Amino acid sequence: MVEHLRPGVSAKNARVCLFDFDGTISLIRSGWMEVMVPMMVEILLDLNTGESEADLRAVVEDFVWRLTGKQTMYQMIAFAGEISQRGGTPREPLAYKKMYLDRLHARIHDRLEELRRHEVSPDKYLVPGARAAIEALRDRGLRLYLASGTDQPYMREEADLLDVARYFEGRVYGALDDYQSFSKKLLIARLIEASEFAGPEFLGFGDGYVEIENIKEVGGVAVGVATAEPECLTVDEWKRGRLAGVGADFIIPNFLCRGELLAALFANGQ
């Protein structure tokens, strides 16, 4: 279940582990692309540029994927740019973000409510095996960070509802209103600049372009979680190709393979 893209790569020197949240650990927002992409395509179609729905979907999917892992605002800024390029007059990116969140929250409302009312186990909305994998990495002594492009208040509530926030001991970060003041890249840079960790001491898990790229830029080891949602039992080949293309060292469909994964990550380690 573990695909080794770069044989010989090891995280035996890792001291810190950065987890993405949505799609890597949490499934609460599973299907978010099925909300964001059609919304954007719908608006672009109204510009009557002569482009087909399929053509516009390809354009939108490309920049949405490329910016996945960054704050949602960046996807909306890119979207506004696509409208301008086609001769339209875009609204403020924040307006598109609100439109998207309204649609997304309607989709996930029932999931949140059954978690708030304790009607289901939190593990229903976790990528399979995620909790045990997080606990295993914590028990190895790694300092764990959780970071997301989702707005921080929502993301922190969802991490609490899933009963995973406690593993990170307050190191839980989401998007801020001042979207330029926080990113996964900035978090990594700050930890390095504070001399807490060196780049090769980073291990990262993510299902998006951004977190894999950020970890690889500093010389860390990156695991691409290319899970086919919502069942999360097999690899999504579309995700896999993009995660591999940006430098992932390993690809997994979920965390049920944690024994094999940890053996591969910490080969020749302690």
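Contact here means heavy atoms within 4.5 Å. The model is predicted: local features need pLDDT of at least 70, side-chain atom pairs count only at pLDDT 80 or more, and totals for chains, interfaces and linings use all residues. Residues are numbered from 1 along each chain as its sequence is written, and side-chain values use heavy atoms, leaving out hydrogens and water.

View 1. Val246 lies in the loop between helix 9 (237–245) and strand 7 (250–252). Helices (H or I, at least four residues) and strands (E, at least two) are DSSP runs, numbered from the N terminus. Val246 counts as buried because its relative accessibility is 15%; buried means under 20% relative accessible area, exposed over 50%, partly exposed in between (1.4 Å probe, protein chains only). Not counting residues up to four places away in sequence, Val246 touches Tyr209, Ile212, Glu213 and Lys216. Its C-alpha atom is 9.8 Å from that of Asn214, 32 residues away along the chain.

**View 2. Lys184 in helix 7.** Helix 7 (residues 184–193) holds Lys184. Lys184 is buried, with a relative accessible area of 4%. Its side chain joins that of Glu211 in a polar contact of 2.9 Å. A polar contact is a pair of N or O atoms within 3.5 Å; within protein, one must be able to donate a hydrogen and the other to accept it, and residues adjacent in sequence count only if both atoms are side-chain atoms. Leaving aside neighbours within four places in sequence, the contacts of Lys184 include Leu18, Asp20, Gly69 and Asn214.
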